[in-house]
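Morning, everyone. Have a look at the model on the screen, and then we'll talk about helix packing.

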Amino acid sequence: MSTPSRITPATTVMQGLAIMLIAMIILPCMDAIAKYMAVYQGMSPGQVTFYRFFFQLVSVLPLLLTTGGLRALKPRRLWFNLLRGVLLAGAALLFFVSVKYMPLADVFAIYFVEPFILTCLSALILREKVGWRRWLAIVIGFGGAMIVIQPSFELFGLTSLLPVFCAFLFACYLLLNRIVGSADTPLAMQTIAGIGGSLFMIVIIAVGHSAGAADFVPSLPHSPLGWVLVIALGTISGYGHLLVVKAFQAAPVSLLAPFHYFEIITGTALGFLIFSEFPTASKWLGIAIIVGSGLFMIWRERQAGLLDNSLESDAV
């Protein structure tokens, strides 16, 4: 009778690892679609971002109504979840603008300064204790990001810094989750975030287009393939993030956190296969430094017992 009790937790953890790995493979497809729509379909990143949240809402709403009924549309923290959607939409917009002009692998690598920014914000705002080893890892990690950014800055100018601002917005989103916590189901949170993100992008597109910004031109997909891709974009976003939540329910955060860096591998592979992009040797060095510093921080947080479920990621 004792054997099943030992096997079941291990089996559940392995399921969590498998689910997380699947999520880290499919979520970067969302960013590859965004780049494809901008580069080959001529759709502005602002419009792509709107479709990302709109079709996320469309894809998860039936599941929400099936499992929770109409009452599920009234979350306990409506404004908080709408704000989550706004922060995520802002981060996604910056990410999608970045991938329009920059290689996918570069954007992913620079974006992964997010754990460093989150640690800094947690120390400054939440007064969490951060030891000198983690501060050193943060400095080294930002140094790795500069190795990736420097050649991109020469080619793309200030655009190369957009992934950093994207990481900052997402770190603020995670910090907000830590402060407020979660009173609603992940499915309800995804649905309301989809509403908040969609409304936010309608306003941003209107303002950006009236200002004559090319990255905010409103448009419909120009082909059946375009419609398929934008629908897939929102569906991957909605259910990909639910997979991440499911993974965190099955396995410890400290075990799953390193899997986030698998997105760089997937993003690099997609960039090479679809757009013939491949990082240079110096950029690989920067990526290695960022990943190494991030993994060290995860290890230190695990040692200190500081990792908690607030690190669950809603990848951009």
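Definitions first: axes are lines fitted to C-alpha atoms, for helices over the stretch in contact, and angles run from 0 to 180 degrees between N-to-C directions. Helices are DSSP runs of H or I, at least four residues, numbered from the N terminus. This is a predicted model, where local features need pLDDT of at least 70, side-chain atom pairs count only at pLDDT 80 or more, and totals for chains, interfaces and linings use all residues. Residues are numbered from 1 along each chain as its sequence is written, and side-chain values use heavy atoms, with hydrogens and water left out.

Start with H4 and helix H6, residues 132-156. They pack at about 135°, axes 9 Å apart. That makes H4 oblique to H6. For the labels: under 35 degrees is roughly parallel, over 145 roughly antiparallel, 65 to 115 roughly perpendicular, and the rest oblique. Which residues meet? Asp106, Ala109 and Ile110 in H4 meet Val148, Ile149 and Ser152 in H6. Contact means heavy atoms within 4.5 Å. Four of the residues in this contact are nonpolar, one is polar and one is charged.

Next, H4, residues 104-111, against helix H11, residues 262-275. The angle here is about 160°, with axes 8 Å apart. H4 and H11 are therefore roughly antiparallel. On the H4 side, the contact uses Leu104, Ala105, Phe108 and Ala109. Their partners in H11 include Glu263, Ile264, Gly267 and Phe275. Gly counts as polar here.

Methods
Helices (H or I, at least four residues) and strands (E, at least two) are DSSP runs, numbered from the N terminus.
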